[in-house]
Amino acid sequence: LHFLRLFSFGSRQTNPTMAKKVKKNAETMNSKLKLVMKSGKAILGYKASVKSLRKSKSKMILISSNCPPLRKSEVEYYAMLAKTKVHHYTGDNTALGTACGKFYNCSVLSIIDAGDSDILASVKE
């Protein structure tokens, strides 16, 4: 009984520093995305992003967390063919649209020109 008390697995608490780190990463991504929208060139939307991928104009693709799986895999496949970086955005499509400064939802975003932002260097493939 004493042995079981030493190794209790039932009540594990989540690490609070991990939650802060995820939030901080999201904040930095939002600020970089804001800078891209201001100084660079980006395309919002699934259809336009796929067109830019087929023309190999995209440098990076952002996919929201609640993008449908079939659509997500299709965009990832096109990005793989075009040798483009893909970043899975932690927020949903409403948060991605808001981060871009728009008042509508956006599930896929294509970055054509990063401008003054270092978003392309900071995100790993």
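Strand E1 (residues 41-44) pairs with E4 in the antiparallel sense over 4 bridges; two strands count as paired if DSSP finds at least two bridges between them. Helices (H or I, at least four residues) and strands (E, at least two) are DSSP runs, numbered from the N terminus. The model is predicted, so that local features need pLDDT of at least 70 and side-chain atom pairs count only at pLDDT 80 or more, whereas totals for chains, interfaces and linings use all residues. Residues are numbered from 1 along each chain as its sequence is written, and side-chain values use heavy atoms, with hydrogens and water left out.

Between E2 and E3 the pairing is parallel, over 4 bridges; Ile63 stands opposite His88 in E3. In general, strands of a sheet pair through backbone hydrogen bonds, in either the parallel or the antiparallel sense.

The 4 strands form an open sheet with mixed pairing, in the order E1-E4-E2-E3. E1 and strand E3 (85-88) stand at the edges with a single partner strand each, so one side of each has no neighbour in the sheet. Neighbouring strands of this sheet are turned by 20° against each other on average, direction ignored. Helix H3 (residues 46-54) packs on the sheet and touches E1, E2 and E4, contact meaning heavy atoms within 4.5 Å. The direction of H3 makes about 40° with that of E4; axes are lines fitted to C-alpha atoms, for helices over the stretch in contact, and angles run from 0 to 180 degrees between N-to-C directions.

Of the 6 residues of strand E4 (residues 108-113), 5 are buried, so E4 is largely enclosed by the rest of the structure. Buried denotes under 20% relative accessible area, exposed over 50%, and partly exposed the range in between (1.4 Å probe, protein chains only).

A search of the whole structure finds 0 disulfides, a disulfide being a pair of cysteine sulfur atoms within 2.5 Å. Such a link is a covalent bond between the sulfur atoms of two cysteines. For Cys100, the closest cysteine sulfur is that of Cys106, at 5.6 Å, which is too far for a bond. Cys100 is buried, with a relative accessible area of 7%. Cys106 is likewise buried, with a relative accessible area of 3%.
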